[in-house]
Each structure stands twice: as C-alpha cells, then as structure tokens.
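Hi,

Here is the model I promised to pass on.

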Amino acid sequence: MSDVNSEHWTMDSDVLESFILQRIDESETGKLAAHLKLCLDCRQRVQTEKEFIAGIRRYGRLEMKYRLQQQVQHNQNKRYDWTQAASIAAAIILMFGALFVFREFGDFGMTKNSIREIVLPGDKPSQQAFWITGRVVTTARHYHETRSHQSNEFIIKKGHAVQTVIIHHAMFSQLPHTQHTDEPSSIRAYLERTPQGMQLTLYTDSMTDTLIAGIEPVTPDSLIVFYQRMQIAFHIPGGWAGKI
Amino acid sequence: MQTQFYFFNEESKLLNALRNGDDHALVDLFHQNRRSIASLIIRNHGTEDDVEDVLQESLIILWERIHHGSFEYQAKLSTFIYATAKNIWFRRLSRHRREISITDDTFEVADKGATPLEELEENERVLAIQQAMEQIGNPCHDLLLLYYWKEMSMEEIARTLGFANADTVKSKKYQCKKVLERLVKKVLGEGHE
C-alpha cells in the first residue's frame, strides 16, 4: 500500500482496490476520500473500479443463485421421489393385502383348498350342524341388484351343483355364551343341513327388514353372504352343495 | 433453557457449515424460511415465483456477509433472512412504482440494506462485466471470483487453484483483469478485438 497520501492515489491499482474493498484503516480512508472531493478523474477511476468489482460480484451471485435453484429443485425432487416411492410401496402392500383377502375369501377359481377352517374344535353337535364363524371381508355401500332377494330362501347354483340356502337372523344376545368369540370382524353363525336345504343362522346385533341382500357361492366349500353393508365369507364344512 | 441450547447449536452448526462453503446449509435455510418469506411476499402483492427469487437472493446476501466478515450475529438467522427479503422486495416494489400498502409484522431489521457495490447492480457497465464473465475462461473465471467475490487472500487462491505462490496469483489477476476489460469493451461495442 504505497503512496496512499500522494495526491492521485487512484493511480495505484492496489490502493484503489483496497479502498473499494474497505481494506484500509478508517483514518487513511478519510484522507483518501478527502482527495476524491477535489479530483474528478480520481472519482471516475473509483467509479470504474467499483463497477468492475460489482459486475464480478453480480456474476458470482447469479451463478450461486442458479446453483441454489438446482439444489433446491433436486432436493424437492428427492422429497417428491421419496413420497412417490412410499405411495407406490403402500399401493403394492394394499394390492397384496387385497389379493391375500381375495384369495382367502374370494377365490372364484374353484381350486382353492386353503380356506381357513372356521369350525371351532368341539363345536360339532352332529354331522349336520356346525357352529361356524364368518369373516367380514369388505363393507360395500351397494349390492348388485341381481343379488338382491326379498325372502330369506336362496337357490344357489354353480356348475352342476345346486343348493337351497335358508338364512335366519338371531340377536347376538341369543348366542350361547360358549360360542362367543373375541375375533374382530367376525360373525358367528349356526349351520344346519336339513331336507329343505342348508339353514344358516347369523347372530348379529342389527336387525333390518332387508336382512339378507344376497348370497353367492365362491368355492365348493365357501359362500359369501351379502348382509346389510357387509360381505361375510363362510367356510362350509363338507361343501355348500353337500346333501344330508 | 433447553430450547436456547438447541437454538444456539442449530444456528452455530448452520453458520459453520456456511463458513465452510457447505451449500447444503443454504438449501436447509431455504426450506426453513420459505413459509415466512412466502407470507411476507404474497401479502404484499408478490407471486410464488417472487418468493423463490427473493428468498434465494436473501440467502446469497447472508452467504456474502458471512464470507466477507460483515455478518454481525445479533439475531437469529431467520430474522436476518426475513429482514433482507423484506428490503429486497420493497426495493423492487418501489422500483416498479407499484401502488402498495405495505403489510408487515414488526420485525427487527438486521439487514443494513444494500452496500454501495450492490446499489450499482443495474448499471450498464456492471451488466456488461457480468456478461463478459460468462465468456472468460479459466483460470481467470475462478481467480476473479475467488478474489473479488469470495474475497479470498492471494495465498488462499494459490492453494485453491494450484498456483506456485501469492505473487503468481497477483500477476495472473492483473492479466485476467485486462482480459476481462477487453471482453467488456466487446460487449459494449467499444472495441474491435
């Protein structure tokens, strides 16, 4: 920093730069600034150098801004990708869950043999009557009209098999205490094979006029009963088409 | 008391990261402050694009103040960012002479406003220098940025860019300035090189 006190100090590029970048002591800065008031050329040189530095800084700022934009965008994309991946994973889990439920209770392929055994041990009063537990598979707001039925007697057909199913309703309070179960989403029922057909008594708390809206065979040994807004899957020991 | 410790730890971590040139800290600050800046700008006639733009500029000013040693850590970083964004946005509004009624909370203003160099931003020659910088190659590009924008010392630049020593950097910087001046003349249509 030579010659800072000389008259035209702006001729020294180091001093000029230090002055603009405020790298000079305050006392010296005062002296230099005092000279500028008297020297038009010097003021012009200071202005030119200021513009030079301002231009480089503006460029640096824009470059950094661009980089920041890219990083923010990348970061948002990563967040978005993660959310998207989580959604896809959730969808896959739901899909497999639904597939599992469908295979357990809704396989229409007639080959499914692994329906969970619902008959409780020691619950068989005779070969023709069983306590069974139905699983609520889904709740549906509406049934297809063809499944609707005003009476409680249904004739179901699948291939050459035909069966009459009579559905009864009984209040849950009437269910024998020994038949109570803690299993969630389940409905206890009593299945009896009679010469008139198969009788299925559902024990639930609710009672409506349209007690049973429909019934549908699923596999040779399972049925779905459409009841109120529920679809209840039952495994029928010996198969639903079995005669006494 | 625990909150206070948390506050100082988090803030000093971010400050250290910014001092060490970790750009991820800026991205974190962007996300942390986006909501408050959006509220300020949208309430005052701005758009979502303005929010992003002003917040980015505020963060860069914070970065510059930290690197140039002029950042006074008197308030939370978010207070500084808010005040800076407010200044930038209201300066823009007044530049565009919009009829505005400013809606703002009472916030402590930590930003001292634009420096004399920042005030030159819209100057024609400044814009020409910016364009010339886009054309200048390396090592001049990096050297000029490190010296004039990041305010690194000659020794630091020598280490960063692999020059023999500070004197080499100094003489190279002189040459680079000349190259840039020639490019500026070209941009301004003053020269025929």
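**Disulfides, cores and a helix pair**

Over all chains, the structure holds two disulfides (cysteine sulfur atoms within 2.5 Å of each other). Before the details, some housekeeping: this is a predicted model, where local features need pLDDT of at least 70 and side-chain atom pairs count only at pLDDT 80 or more, while totals for chains, interfaces and linings use all residues. Residues are numbered from 1 along each chain as its sequence is written, chains are lettered from A and ligands numbered from 1 in the order in which they are written, and side-chain values use heavy atoms, with hydrogens and water left out.

One disulfide is in chain A, between A:C39 and A:C42, with S to S at 2.3 Å. Its S-S torsion is about 70°, so this disulfide is right-handed. A:C39 is buried at 7% relative accessible area, and A:C42 is buried at 0%. (Buried is under 20% relative accessible area, exposed over 50%, partly exposed in between, using a 1.4 Å probe and protein chains only.)

The other joins B:C140 to B:C176, S to S 2.2 Å. Here the torsion about the S-S bond is about -75°, so the B:C140 and B:C176 disulfide is left-handed. This pair links distant parts of the chain, 36 residues apart: B:C140 sits in helix α7 (residues 140-149) of chain B and B:C176 in helix α9 of chain B. (Helices are DSSP runs of H or I, at least four residues, numbered from the N terminus.) Both ends are buried, B:C140 with a relative accessible area of 8% and B:C176 with 0%.

Helix α9 (residues 166-188) of chain B also packs against helix α8 (residues 154-161) of chain B, at an angle of about 90° and with axes 8 Å apart. (Axes are lines fitted to C-alpha atoms over the stretch in contact, and angles run from 0 to 180 degrees between N-to-C directions.) That makes α8(B) and α9(B) roughly perpendicular (65 to 115 degrees). In contact terms (heavy atoms within 4.5 Å), B:M154, B:E155, B:I157 and B:A158 of α8(B) meet B:A166, B:V169, B:K170 and B:K173 of α9(B).

Now the cores (buried nonpolar residues joined through side-chain atoms within 4.5 Å). The largest has 74 residues, and A:I56, B:L62 and B:L180 touch the most other members. Beyond its neighbours within four places in sequence, B:L180 is in contact with residues including A:F52, A:I56, B:I129 and B:L144.

Cheers

Terms used:
Helix = DSSP H or I, 4+ residues; strand = E, 2+ residues; numbered from the N terminus. Parallel < 35°, antiparallel > 145°, perpendicular 65-115°, else oblique.
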